[in-house]
Amino acid sequence: MSSRREFLKSSLLLAVAGLTMKKSFAEDIPSIDLQDYPRTVKYPGKADLIMYSDRPPLLETPRSYFSKAVTPNEAFFVRWHLSNIPTEVDLKEWRLTITGNVNKTVSLTLDEIKSLFEPVSYYAVLQCSGNGRSFFEKQQTALGIQWKHGAMGNALWMGVRLADVLNYAGVKWDTLEVAFKGLDKAPYPQTPDVERSLPIDKCLYEDLILAYEMNGEPLHILNGFPLRLIVPGWYATHWIKSVTTITVLNQELKNFWMEEAYHIPDNACHCVPIGQKPSKTRIITQMNVKSVIGTPEDNTVVKLGQTIKIAGVAFDQGYGIQDVLISFDGGKSWKPTCLGPDLGRYSFREWYYYFRPTTKGEVKVMVRAINKNGETQPIEAGWNPGGYMWNGIDTIKINVV
């Protein structure tokens, strides 16, 4: 059996060249030094982030940022699929083109987008489908980047309604889907560019926007400048970065990204017995209910009788968080935490609890979230080959001396 180190190396190589990389391509890529892997790096305009790859950039937000509801732009995680990403965009040249099954093909500058359509904004969680994948290792390691907690973040996104832009071009009656394509390119011609589609009903009648700001600032180039599709409540694979072309379709889009990538078992738990392949799959869509501990750090030492604040965030696919519970006895009993302000149904919800230990020794802290639809975070997430949708209970240890 391969060692974890060898596994991490193979996963990293796959990330470098994209998900569609053929085996022969992998063999051509030089070895990567895995000393101190993963290490923290600081990109321009970014804070120190945990790096899994530099081409394409795969940067994780440290856990400590998840004690607050809003993730700062400089700490927001970065995930690209293809290595040739835009490093600068000239707005004098850049255009958003809406074409395909429309009454008129439209090409808009960013200033025109801002002036023609009403601006809207809301808080929404962006989370990679594989966030938490490394925790499947307790069952069987799943293929892919071994993210821990930080392939997610919450921001105030400002932009224009996707429906307004589509209606401006005039969507024809027989439209089925809308496809989105960004500026990133693959290093090999055999690797298809990232292009994904969504049903026309979702594009016209739900809360999707084309965002040009996050947290009151223009999008960072690593987070999709100048325009990013926002699909609140759904995993990040649908949030196309640096959108440049929107194609309205009267047929289903068929490519690697729609027919093979980011598929989960098509059953209620989105899981299969460990090591087995699902007999039927579907594209990953909605996020599930989840909570994370942001502070204190794991293995924090506190004095007997000292009061400390335990805090974190919780979220789901858009029902909103009802409760976050905390346990200090291995899950035998649960206590309610206090919830912070409600920033909207797609946002992180802060939670906190003041803990004062009464006995010395190691304390295992566990948290679980419940949403307003009655869905509860499980003790362990069900396994699937892609390592998607991890939402098992988060834990830390506190040492009382």
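Three strands, E7 (119-127), E8 (152-161) and E15 (263-265), each give at least two residues to the side of domain 1 that touches domain 2. E7 supplies the largest share of that side, 4 residues. By class, the side holds 18 nonpolar, 15 polar and 3 charged residues. Here Ala, Val, Leu, Ile, Met, Phe, Trp, Tyr, Cys and Pro count as nonpolar, Asp, Glu, Lys and Arg as charged, and the others, Gly among them, as polar.

The model is predicted: local features need pLDDT of at least 70, side-chain atom pairs count only at pLDDT 80 or more, and totals for chains, interfaces and linings use all residues. Residues are numbered from 1 along each chain as its sequence is written, and side-chain values use heavy atoms, with hydrogens and water left out.

Domain 1 covers 96-283 and domain 2 covers 290-400; the bounds come from an automatic or database domain assignment. Their centres, taken over C-alpha atoms, lie 29 Å apart. In contact (heavy atoms within 4.5 Å) are 36 residues of domain 1 and 22 residues of domain 2.

The two domains bury about 2600 Å² between them, 63% of it on carbon and sulfur atoms. Buried area is the accessible area (1.4 Å probe) that two parts lose on being put together, summed over both. On the domain 1 side, Tyr 123, Phe 136 and Met 152 lose the most area to domain 2, together 20% of what that side buries.

How many salt bridges are there between domain 1 and domain 2? The count is 1. The term needs a side-chain nitrogen of Lys or Arg within 4 Å of a carboxyl oxygen of Asp or Glu. Arg 345 forms a salt bridge with Asp 207, with 3.3 Å between the closest N and O atoms.

Now the backbone. Most residues other than glycine have a negative phi, and most peptide bonds are trans. The bond from Phe 225 to Pro 226 is cis, with omega near 5 degrees. Pro 226 sits in the loop between strand E12 (217-218) and strand E13 (228-230). The bond from Thr 295 to Pro 296 is also cis, with omega near 5 degrees. Strands are DSSP runs (E, at least two residues), numbered from the N terminus.
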